[in-house]
Amino acid sequence: MIRQANCTWLLVLATVISGCASRGDYANVPVEEAGSQSGAVYESSGYPPRSEPDQRYPVPDYSEPDFPPPPSYDKPAQAPAAASTNSAVIALLSASQQQRQQGQYQQAAATLERAIRISPRNGKLYYELAQVRYLEGNYQQSKQLCRKAISLAAGDKPLLERSRLLLSELPD
Amino acid sequence: MASKKPTTTTRTAAKKKPAATKSRKSSVKKPKKVRSGWKGLLVKLALIAVLLTTGLVVYLDAWVTDKFEGKRWSLPAQVYARPLELYVGQSLDLRDVQAELEMLGYRKRYQLSKPGQYVESGNRIDIYTRSFRFWDTSTPAQRVRLRTQNSVVSSLTVDGQAVGLFSLEPLLVGGIYPAHNEDRLLIQLENVPQFLVDALVTVEDKNFYSHHGVSPKAIARAMWVNAKAGRAVQGGSTLTQQLVKNFYLSSDRSLLRKGTEAIMSVLLDAHYGKDEILEAYLNEVYLGQAGRRAVHGFGLGSQYYFGRSISELKLHQAALLVSLVKGPSYYNPRRHPERARTRRNLVLTMLEQDGLITASEARAAKSKPLDVAAKSSYSEAVYPAYVDLVKRQLQRDYRPEDLTSEGLRIFTSLDPLVQRDAERALSSTATRLEHQRGDQLKKMQGALVVTSTDTGEVLALVGGKNSKYSGFNRALDAIRPVGSVIKPAVYLTALTQPRLYQLTTLLDDSPITIELANGDLWEPKNADKKDHGQVPLHRALAHSYNQATARLGMELGINNVLQTLKNLGVERPLPAYPSVLLGAVGMSPLEVASMYQTLAAGGFDTPLRAIRAVSTAEGEPLNRYPLQLEQKVDPGAVHLLHYALQATMREGTGRSVYASLPENLGIAGKTGTTDDLRDSWFAGFTGDRLAVVWLGNDDNSPVGLSGSSGALKVWQSLMLRIKPQSFVSNVPENINYQWVDDESGLLSGKLCKGARQVPFVRGSEPGEKSRCAPGFERVGDWIKSWF
């Protein structure tokens with residue numbers, strides 16, 4: 001398992017890993033890309049300065065029961081699933097893939113868990129972990145991880161399809 | 001040394017055998033010699049004496065080598081916090097990094113010159129890290145540069161190279177000690193600064209490198225000095241003898257023991273090199289008392305007194321540590337700074353006299369303050385509640401003696417920064433409440449559990465108002481009635497039957513009377529003593545209506561609700577009484593956290609984990625505790641529940657939380673209050689953090705706080721400090737959002753008055769359409785205010 005990853009290496013990997021990178025330049029990546037496009041910023045919920053008066057409760061309209069609640073708690077505008085494709089996660093993801101290919105399943109799993117800690121709502125990471133568990137012969141966990149990936153996939157069709165495919169191959 | 005072990009045992013065995021044969025021989029000879037009269041008797045006695053002495057020497061020799069080459073000390077398991085991860089794109093307050101570095105004992109400098117230092121300048125921090133061996137990998141000492149922009153890490157380099165992420169070394173947060181509470185951090189001689197060794201030898205045993213274990217010259221001198229003074233003022237013990245005394249023997253001062261000590265010292269010296277003996281001495285020596293823990297060895301001593309590793313010690317600090325050998329409590333620098341200072345300067349003078357340091361070095365060191373860390377960074381049980389949880393989780397896999405003797409390294413998920421914030425949130429809120437409500441809150445107690453929402457890792461645990469006190473761990477052991485905190489299980493049971501129950505289903509909140517098995521009547525009342533008639537399901541939960549909930553629960557069947565609780569991870573067997581529906585059942589804060597964890601993680605049950613991995617003292621991995629999931633509840637139903645739990649925070653009993661937390665922070669949670677305001681609960685989660693708070697009195701008397709006036713305030717204070725991410729519930733595929741009329745629950749339109757957008761499990765949407773009254777203007781205005 002790696003504790004640090006070279007950025008130039010990341011640059012290359014970032015473009016290689018499917019679905020992860022839409023831009024090439026990872027040298028000055030902002031926190032999240034996918035999330036900020038949609039407006040549903042998951043990775044960084046901004047903490048506006050406390051002095052803004054409209055941050056104070058009560059918001060008058062709010063207590064009226066016949067008014068809809070704000071969109072942020074209502075229908076989530078966009079799934080945050082792919083929000084956390086930051087460089088650290090990409091680095092860990094690719095490191096885990098290497099470890100997996102070399103048959104180092106324990107290390108691969110540990111690397112993925114490290115990535116999950118950074119980006120716990122990234123369905124792709126759970127799918128990757130499901131693959132590792134599958135190779136280890138831990139079908140039970142593999143299945144559960146596939147389900148977790150599916151529950152987080154929201155709109156990520158390739159991820160949804162791959163997770164379903166793996167799930168269908170797992171014995172009951 | 002460990003590699004020598006097999007040969008040792010054979011050698012010991014080989015030596016023991018001749019001894020046995022010799023004594024057998026002597027017993028055979030005995031009868032013949034008796035006839036030779038007095039002379040013969042004397043010869044015989046002398047022979048016996050020689051043989052006995054030989055036997056003793058052989059025996060002592062075996063003892064000396066056996067213990068010295070075996071595992072010399074039982075080492076307590078060391079418990080580490082999580083390493084702080086740094087990565088580009090991370091939301092990070094540099095003050096937190098600085099706080100972490102301070103806890104790790106890093107020194108703030110203007111320039112980096114060696115490991116264990118950092119330089120802080122505006123939005124940049126430079127760190128010269130120490131090397132560290134994780135359970136799976138090692139990192140060398142490196143120069144790390146971290147830059148942030150608007151509290152987000154914008155660049156990270158290690159030794160000048162840009163990297164994606166980097167882990168700092170983890171904080172050592174405690175140990176698991178054996179009964180005698182002897183603690184040490186083993187060091188190797190090569191890591192000990194030369195001036196420390198010089199000082200020790202100069203002060204304690206000048207002829208250490210030339211004598212053979214005992215020093216007749218030193219003994220003679222000591223006797224002379226003592227005779228002159230008429231009392232024992234000077235000891236003639238060599239370092240070797242001191243080691244033998246502490247390492248092998250008890251502390252009784254009999255002459256016999258002195259003799260044994262001398263023989264063993266000579267033997268030790270004969271078998272082992274000076275460096276080996278010195279290293280053992282450095283690790284054995286007693287240097288002070290940290291509460292119930294005995295601080296042994298210079299490695300731990302250095303941490304205990306200076307908060308830094310031995311290789312980082314300066315001359316004046318090394319001299320102080322050496323001073324302590326003579327009397328750790330008499331020269332305790334924290335309690336008797338003047339004595340310690342005088343003794344330290346004497347040590348420095350001796351070094352100078354022996355030409356081991358220059359006069360100017362001695363002068364400079366003498367002018368330095370004692371430099372003892374004000375609060376020991378390695379003080380006893382700073383995190384007693386958390387280490388308690390770690391111990392309990394370890395006991396499933398390890399024997400107690402392994403935990404206290406093998407020097408295992410336990411890597412946990414404790415986040416010291418979150419822990420700090422959790423402790424402060426509890427104590428500051430308690431103080432504020434006491435200030436507002438008076439002295440009746442003085443004896444109020446509390447507990448807090450903070451976990452990572454999706455992974456189930458326990459990040460912080462507070463077991464009481466005085467978190468440094470390792471007493472009753474309320475987070476694990478206070479089994480208290482949970483009140484309305486249990487209600488989500490009732491509503492989830494309903495929502496998993498989408499054909500029968502939707503968020504918009506109207507529930508009857510009129511008074512209810514239930515006849516119990518024993519003939520008693522159960523008549524739960526709403527907290528506001530009012531009836532609310534027909535209320536939508538989501539609002540009945542958000543406002544925590546007891547009458548509606550009891551009726552719903554009875555309709556669903558108590559056993560079905562209990563099954564839901566089980567699915568959510570509540571392992572405790574619960575009685576099938578109607579009052580369970582309103583939380584008349586005891587659980588610990590950790591159990592409540594485990595229940596909410598499953599809700600927060602979208603219906604996936606994850607055992608709450610404190611431990612990530614365990615390795616041997618040498619760094620060999622032993623156990624990993626990986627992420628384990630099990631889907632227990634349909635994610636669609638959980639999504640609907642998330643809606644109602646967010647409504648609780650936006651419109652219901654939890655809404656006061658937004659008085660200080662930002663409006664755009666998504667929160668889901670539930671308050672809980674028990675009869676006569678005895679228990680105040682709040683359980684809630686954001687995008688990345690889940691926290692459960694309990695407040696109450698240990699004697700179960702009323703504390704006078706509801707869930708929202710007590711526990712929620714602590715939760716709010718915690719979240720203000722840790723700045724969590726917003727909770728956004730994932731929309732599973734079987735979920736469809738519809739605009740419905742809030743009063744009737746019928747389909748409506750986006751621009752209709754009284755319409756709200758509500759999720760439904762596909763196929764369960766209401767069929768009828770309500771009359772749409774235009775409310776365009778107001779809705780439009782309202783939306784504008786949000787964007």
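First, the ground rules. The model is predicted, so local features need pLDDT of at least 70 and side-chain atom pairs count only at pLDDT 80 or more, while totals for chains, interfaces and linings use all residues. Residues are numbered from 1 along each chain as its sequence is written, chains are lettered from A and ligands numbered from 1 in the order in which they are written, and side-chain values use heavy atoms, with hydrogens and water left out.

Let me start with helices. Helices here are DSSP runs of H or I with at least four residues, strands are runs of E with at least two, and both are numbered from the N terminus. Take helix α10 of chain B, residues 315–324. Buried means under 20% relative accessible area, exposed means over 50%, and partly exposed lies in between, with a 1.4 Å probe and protein chains only. The buried residues include Gln317(B), Ala318(B) and Leu321(B). What do the buried residues of α10(B) pack against? The partners are α4 (194–204), β14 (286–290), α9 (297–306), α11 and α12 of chain B. Contact, throughout, means heavy atoms within 4.5 Å.

Now the pair α10(B) and α11(B). Helix α11(B) covers residues 337–353, and the two axes come within 8 Å and cross at roughly 110 degrees. Axes are lines fitted to C-alpha atoms, for helices over the stretch in contact, and angles run from 0 to 180 degrees between N-to-C directions. The two helices are therefore roughly perpendicular. The cut-offs: under 35 degrees is roughly parallel, over 145 roughly antiparallel, 65 to 115 roughly perpendicular, and the rest oblique. On the α10(B) side, the contact residues include Leu315(B), His316(B) and Ala319(B). On the α11(B) side, they include Arg343(B), Val347(B) and Leu351(B). The contact divides into eight nonpolar, two polar and two charged residues. Ala, Val, Leu, Ile, Met, Phe, Trp, Tyr, Cys and Pro count as nonpolar, Asp, Glu, Lys and Arg as charged, and the others, Gly among them, as polar.

Next helix along. α12(B) covers residues 359–367, and its axis comes within 9 Å of that of α11(B), crossing at roughly 170 degrees. That makes the two roughly antiparallel. Among the contact residues are Arg341(B) and Glu352(B) of α11(B), and Ala362(B) and Lys366(B) of α12(B). This contact divides into four nonpolar, three polar and four charged residues.

On to the cores. A nonpolar core is a set of buried Ala, Val, Leu, Ile, Met, Phe, Trp, Tyr and Cys residues joined through side-chain atoms within 4.5 Å. Which residues touch the most other members of the largest core? Val97(B), Leu394(B) and Leu461(B), out of 111 residues. Leaving out residues up to four places away in sequence, Leu461(B) touches, among others, Tyr386(B), Gln419(B) and Leu590(B). Apart from that core lies another, of 69 residues, including Leu268(B) and Val325(B).

Now strands. Two strands pair if DSSP finds at least two bridges between them. One open sheet has five strands, in the order β12-β1-β16-β26-β27 of chain B, with mixed pairing. Its edge strands are β12 (172–176) and β27 (621–624), each pairing on one side only. Neighbouring strands are turned by 20 degrees on average, direction ignored. Inside this sheet, β1 (77–80) and β16 (409–412) run parallel, joined by three bridges. Gln78(B) stands opposite Arg409(B).

Then β5(B), residues 124–128. Four of its five residues are buried, so it is largely enclosed by the rest of the structure. β5(B) pairs antiparallel with β4 (117–121) over five bridges. Gln117(B) has Tyr128(B) as its bridge partner. Their hairpin has two residues between the strands, and Gly122(B) takes a positive phi near 60 degrees there. Five bridges also join β5(B) to β8 (143–149), again antiparallel. There, Ile125(B) stands opposite Leu146(B).

Last, loops. Asp159(B) has a positive phi of about 50 degrees, and is not a glycine. It sits between β9 (152–158) and β10 (161–162). At 48% relative accessibility, Asp159(B) is partly exposed. Asp676(B) also has a positive phi, near 60 degrees. Its loop lies between β29 (668–673) and β30 (679–685). At 53%, Asp676(B) counts as exposed.
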